[in-house]
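Subject: Structure handover

Hello,

Here is the structure I promised to pass on.

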Amino acid sequence: MRQALEQEKLRAVYDRVARRYDFQHSMLTARSDQRGRRLLVDKAVTADDEVLDCGAGTGSTGLLAARKAGASGKVMLLDISEAMLAVAKDRARRARLLDRLEFQTGDMLDLPFADNSFDVVLSTYSLCPVYDPAIGARELFRVTRPGGRIGIAHSAEPTGPWVKWLADRVENVVWRIPSLSLGCRSVVILPTLEQLGCKLIFEQRIGVPLWPFLVFVVEKPDGIHTN
Ligand SMILES: C[S@@+](CC[C@H](N)C(=O)[O-])C[C@H]1O[C@@H](n2cnc3c(N)ncnc32)[C@H](O)[C@@H]1O
């Protein structure tokens with residue numbers, strides 16, 4: 001795994017790209033990013049859920065979750081970048097979903113929420129740039145209620161030696177331009193959650209061969225209280 005960008009630098013990158021982020025991310029992922037968000041919300045969120053979207057960015061996943069959770073659900077969008085959240089707020093206003101959403105600036109490696117607070121906790125592509133994805137996974141687990149669901153989409157290693165070789169070469173170049181790479185690299189998350197006792201209820205690889213994504217949903221065991 002590549003070493004992550006330093007957190008302040010990462011925040012500055014996202015503050016800078018916020019207004020063009022949706023276009024850029026969708027282009028670079030051949031639009032498979034939105035497929036991952038849809039799959040995740042479809043499998044993890046149900047009506048009336050209280051949802052936390054970590055590293056929510058411009059709100060693409062949060063807005064989908066707010067629609068699925070319905071008028072009596074609630075979705076909290078958390079991100080370190082105020083500029084990304086400002087775009088999310090504009091989108092929520094235009095979609096008339098502001099009353100179902102809350103926005104908070106914060107660090108997903110040290111979440112400002114009590115243990116067992118949410119029915120569902122989501123992260124779409126936001127564990128890819130953090131310096132220690134395993135700490136992030138444990139924080140997501142901590143704030144999910146027992147029996148609740150954790151849904152994650154992240155970049156994964158391509159399969160096949162030639163594709164891997166090519167992806168590595170391309171990444172070597174892209175990695176030198178943080179406003180292009182967005183600090184994202186492939187990570188491994190599921191084993192951390194399985195070690196904590198989570199049960200896998202959905203898993204799918206999607207995306208283009210050079211930049212595949214793993215999308216999965218796990219259930220936090222009932223009876224485990226983290227406080
Ligand atoms: C690749 S974007 C994903 C955004 C959104 N979830 C999506 O589906 O498009 C990564 C997001 O994670 C946020 N982020 C990075 N490190 C973070 C941290 N430590 N805590 C909270 N958010 C973070 C960035 O500001 C950015 O909005």
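Predicted model: local features only at pLDDT ≥ 70, side-chain atom pairs only at ≥ 80, totals over all residues.

**The parallel strands**

Start with strand E1, residues 50–54. E1 is mostly covered, with four of its five residues buried. On one side, look at strand E2, residues 74–79. E1 and E2 pair in the parallel sense, over five bridges. Asp 53 stands opposite Leu 77 in E2. Cys 54 stands opposite Leu 78 in E2. Between these two strands the chain passes through H4, and this β-α-β crossover from E1 to E2 is right-handed.

E2 is mostly covered too: five of its six residues are buried. E2 also pairs with strand E3, residues 101–105. That pairing is parallel and runs over five bridges. Here Leu 78 has Gln 104 in E3 as its bridge partner. E2, helix H5 (residues 82–94) and E3 form a right-handed β-α-β unit.

Now go back to E1. E1 pairs with E4 as well, in the parallel sense, over three bridges. Asp 53 stands opposite Leu 122 in E4, and opposite Leu 77 in E2.

Leu 122 sits in strand E4, residues 118–124. Is Leu 122 buried or exposed? Leu 122 is buried, because 30 other C-beta atoms lie within 10 Å. Its contacts come from several parts of the sequence. Among the residues that Leu 122 touches are Leu 40, Ala 44, Thr 61, Ala 65 and Gly 151. Val 51, Asp 53 and Cys 54 are also on that list. Leu 52 is worth a look as well. Leu 52 and Leu 122 are 70 residues apart in sequence, but their C-alpha atoms are 6.1 Å apart in space.

The largest nonpolar core has 56 residues. Val 51, Ala 65 and Val 121 have the most contacts inside this core. Strand E7, residues 211–219, gives the most to this core, with six residues. Leu 122 touches both Val 51 and Ala 65. Val 121 touches Leu 52, Cys 54, Leu 140, Val 143, Thr 144 and Ile 150, leaving aside residues up to four places away in sequence.

Two of those contacts, Leu 140 and Val 143, are among the buried residues of helix H6, residues 133–143. Pro 133, Gly 136, Ala 137, Glu 139 and Phe 141 are buried in H6 too. What covers the buried residues of H6? The cover includes E1, E4, strand E5 (144–155) and helix H9 (190–195).

**The ligand**

The model holds a ligand, surrounded by 23 residues. The closest are Gly 55, Gly 57, Met 108, Thr 124 and Ser 126. The shell divides into 12 nonpolar, eight polar and three charged residues. Helix H1 (7–17) and helix H4 (60–69) each supply at least two residues of the shell.

**Single residues to check**

Two residues other than glycine have a positive phi. One is Arg 31, with a phi of about 65°. Arg 31 lies in the loop between helix H2 (21–28) and helix H3 (32–44). Arg 31 is exposed, because 12 other C-beta atoms lie within 10 Å, and 12 or fewer counts as exposed.

The other is Tyr 125, whose phi is near 65°. Tyr 125 is in the loop between E4 and H6. Tyr 125 counts as buried, because it has 22 C-beta neighbours inside 10 Å.

Last, look at Val 188, in the loop between helix H8 (178–181) and H9. Val 188 is partly exposed, with 15 other C-beta atoms within 10 Å. Val 188 and Ala 134 are 54 residues apart in sequence and 8.3 Å apart in space, C-alpha to C-alpha.

Best wishes

Key. Residues numbered from 1 in each chain as written. Buried ≥ 20, exposed ≤ 12 C-beta atoms within 10 Å, placed from the backbone. Contact = placed C-beta atoms within 7 Å. Near = placed C-beta within 6 Å. Nonpolar A, V, L, I, M, F, W, Y, C, P; charged D, E, K, R; others polar. Pairing = 2+ DSSP bridges. Right-handed = clockwise from strand over helix to strand, strands pointing away. Core = buried A, V, L, I, M, F, W, Y, C linked by C-beta atoms within 7 Å.
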